[in-house]
Amino acid sequence: MNIDLSGVLYAQLKEAERKYNDAKAKNELENVKKFAQLCANTEKQLAEKVPDQRKAHLDKAKLWEEIVRTARTAPRKVMVEKGGKGAEAEDDLSGFGDSLIEKSSVTWKDIGGLDEIKDLIQETIVIAGLTKPESVKPDKGILLFGPPGTGKTLLAAAAAGSLKATFFNVKVSSVLSKYFGESSKMITALYESARKHSPSIVFIDEFDSITMSRDGDQGEASRKVLSTLLAELDGFQDKKSDKLILTLAATNAPESLDDAVLSRFPKRIYIPLPDRKACQDIIRIQTKGLDISAIDFDKLAEMCVVNRYSGRDLQNVSKDAIRSMIHRSNAEIFDDIDKMAELSFEELKKRTLKVSALTMDDFIKSIAKVKSPLTTEKLASFEKWNKEYGAA
Ligand SMILES: Nc1ncnc2c1ncn2[C@@H]1O[C@H](COP(=O)(O)OP(=O)(O)OP(=O)(O)O)[C@@H](O)[C@H]1O
Ligand SMILES: [Mg+2]
């Protein structure tokens with residue numbers, strides 16, 4: 001007999017969430033982790049028991065696991081002097097924004113294909129930078145959506161690298177989970193830091209997690225984060241501000257975003273899998289400095305498109321092809337690798353690795369190994385969402 005256990009599991013989840021929130025309020029780190037883990041496990045069980053909600057439960061389990069992984073105690077209160085009125089307790093979040101700063105040396109030239117989106121981001125940045133009449137308002141935020149590994153993070157890094165702007169790289173799941181209920185303050189701290197270090201590119205990855213969970217206190221936390229973020233985006237409409245802060249949000253699950261979010265991101269750009277020309281460009285970028293004269297790029301690009309390769313897959317294929325070439329060209333080293341590995345670093349540095357021309361065979365062998373995780377159905381669902389909601 002099949003017994004429906006989902007009711008029991010939902011009750012268990014509610015109780016675990018209650019205990020989690022209780023522990024969070026008391027700042028009991030161990031219990032926070034314990035009950036967050038219980039929530040994750042229960043969500044996973046629910047994913048099995050309620051098939052039509054499988055993805056939603058698995059997504060929530062992922063978020064809970066991220067909480068377990070990154071939870072830490074709430075920020076300490078520090079005493080700050082305010083205008084001579086004596087010391088006041090205030091959250092020590094000042095370092096948080098700065099801690100998200102990454103160095104980017106990526107430039108537009110490092111990106112193969114995606115010419116239109118590159119133009120669009122460049123145009124947005126240039127208009128934002130120029131002195132202009134009040135009514136000319138550049139976009140404050142652009143949403144990038146598409147399959148994994150297609151260059152969304154790379155685009156944000158290139159925007160920052162080329163502009164020599166400060167690059168803030170933020171994962172929503174870690175903001176939501178860090179410091180428990182303090183997430184919306186983190187967003188404020190992030191944008192304060194972005195204003196301070198302007199020009200800034202704020203890259204918000206896994207943007208869908210922000211609207212993923214709507215129920216319970218966790219939903220409350222993401223709602224608060226979202227409204228703070230949207231307010232920050234609106235804040236930059238400030239006419240007098242000459243600071244450039246461009247927010248690029250990225251997601252692999254655009255269907256999770258609701259109207260409130262979409263309306264703040266009028267520009268929603270599909271970052272698709274690379275076409276033939278882009279495949280060629282990406283492979284050339286990934287094999288820079290090597291002899292590729294023997295490669296039939298038309299044929300290679302055709303194979304990559306048929307295999308539904310993303311830029312990341314192409315990077316893996318290229319890496320593997322290069323590895324084959326290195327093995328082929330340095331048989332004396334690899335035939336005796338145990339002996340070589342015993343040499344000191346100084347000794348190793350005296351020898352040079354030989355390189356030779358890459359061959360089609362190197363690539364064909366790698367292609368046999370690299371499988372795209374994307375199904376045609378998944379791809380079709382991105383195309384469909386793009387038709388309905390995508391907007392440049
Ligand atoms: N258009 C491209 N040109 C050159 N390299 C690319 C391109 N797209 C992807 N790559 C390569 O794949 C790697 C992964 O790309 P990136 O991290 O930008 O993907 P993503 O779209 O952000 O993926 P995810 O959705 O999984 O975060 C890059 O570091 C780069 O080496
Ligand atoms: Mg990314």
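Predicted model: local features only at pLDDT ≥ 70, side-chain atom pairs only at ≥ 80, totals over all residues.
Local features required a pLDDT of at least 70 and side-chain atom pairs a pLDDT of 80 or more, whereas totals for chains, interfaces and linings used all residues. Residues are numbered from 1 along each chain as its sequence is written, with chains lettered from A and ligands numbered from 1 in the order in which they are written.

Helix 1 (residues 6-25) and helix 2 (residues 29-49) pack at an angle of about 160°, and their axes are 8 Å apart. Helix 1 is therefore roughly antiparallel to helix 2 (an angle over 145 degrees). Helices are DSSP runs of H or I with at least four residues, numbered from the N terminus; axes are lines fitted to C-alpha atoms over the stretch in contact, and angles run from 0 to 180 degrees between N-to-C directions.

Ligand 1 is surrounded by 17 residues, of which the closest are Pro148, Gly151, Thr153, Leu154 and Gly311 (C-beta atom, placed from the backbone, within 6 Å). Helix 6 (152-163), helix 11 (276-286) and helix 13 (311-329) each contribute at least two residues to this shell.

Two of these helices, helix 11 and helix 13, also pack against each other, at an angle of about 45° and with axes 9 Å apart.

Terms used:
Parallel < 35°, antiparallel > 145°, perpendicular 65-115°, else oblique.
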